Amino acid sequence: MNKLRPEFWTKPLKSLNPAEWEALCDGCGKCCLNKLEYEDTGELVFTRVACRLLDGETCRCTQYDIRHQFVPECVTLKPASIADIAYWMPKTCAYRLRFEGKPLESWHYLISGSYETVHEAGQSVRGWTVPEFEVPEEDWDDYTIEDLS
């Protein structure tokens, strides 16, 4: 019942079935980076500090199906919530791009046919994150990165 339709990623997000919604993820791991949102300016910045559940090599959550047991504040991205959360996703995120009416990047596996192109294009977090348990939260400002939000 939850089969992937041809070129489902070109369809409106609200029309995607659960399997298509999950398959839209490009596997970059950027959404698993801890972010800082400054109350005085509303600015959102990404850090190199990764969620404790992120596998820095595969760029996937090690406990995706039960992640809320370990990280209750982990966002559950859904078609109904994307309007409120899109700003919080990286600029290259497939969910954000499609929400904004833009096409997927050429390195997205649905376009390229390979799950490795996100890494080959330098668009994943592979190899450059630090685990959150190694950096006190008050020091996250020292790990901010540019151009993801």
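How many residues lie between β1 and β2 in their hairpin, and which residue in the turn has a positive phi? Six residues lie between the two strands, and Gly-42 in the turn has a phi of about 75 degrees.

Hi everyone, some housekeeping before I go on. What you see is a predicted model, where local features need pLDDT of at least 70 and side-chain atom pairs count only at pLDDT 80 or more, while totals for chains, interfaces and linings use all residues. Residues are numbered from 1 along each chain as its sequence is written, and side-chain values use heavy atoms, with hydrogens and water left out.

Let's stay with the strands. Helices (H or I, at least four residues) and strands (E, at least two) are DSSP runs, numbered from the N terminus. Two strands pair if DSSP finds at least two bridges between them. Strand β1, residues 33-37, runs antiparallel to β2 and is joined to it by four bridges. Within that pairing, Leu-36 has Val-45 as its bridge partner, and Glu-37 stands opposite Leu-44.

Now, burial. I call a residue buried under 20% relative accessible area, exposed over 50%, and partly exposed in between, using a 1.4 Å probe and protein chains only. Six of the seven residues of β2, which spans 44-50, are buried, so this strand is largely enclosed by the rest of the structure. β1 is mostly covered as well, with four of its five residues buried.

On to the cores. A nonpolar core here is a set of buried Ala, Val, Leu, Ile, Met, Phe, Trp, Tyr and Cys residues joined through side-chain atoms within 4.5 Å. The largest one has 18 residues, and Leu-24, Leu-77, Tyr-95 and Leu-110 touch the most other members. The elements giving two or more residues to it are α1, α3 (82-85), α4 (94-99) and α5 (109-112). A second, separate core has eight residues, including Leu-33, Leu-44, Cys-59 and Ile-145.

Cys-59 sits in the loop between β3 (54-55) and β4 (60-61), and its phi is near 65 degrees, a positive value in a residue other than glycine. For context, most residues other than glycine have a negative phi. At 3% relative accessibility, Cys-59 counts as buried.

Next, the rings. Rings of Phe, Tyr and Trp (its six-membered ring) pair if their centres lie within 6.5 Å; planes under 30 degrees apart count as stacked, over 60 as edge-to-face and the rest as tilted. The whole structure holds three aromatic pairs. One of them is Trp-21 with Tyr-95, tilted, at 4.7 Å centre to centre and 45 degrees between the planes. Trp-21 is in helix α1 and Tyr-95 in helix α4, so the pair ties together parts 74 residues apart in sequence. Both of these residues are buried. Tyr-109 and Tyr-115 have ring centres 4.3 Å apart and planes at 25 degrees, so that pair is stacked. Tyr-109 is buried at 12% relative accessible area, whereas Tyr-115 is exposed at 53%.

Last, charges over rings, where NZ of Lys or CZ of Arg must be within 6 Å of the ring centre and within 35 degrees of the ring normal. Lys-35 lies over the face of Trp-88, 4.0 Å from the ring centre. The charged end of Arg-67 sits over the ring of Tyr-64, 4.2 Å from its centre.
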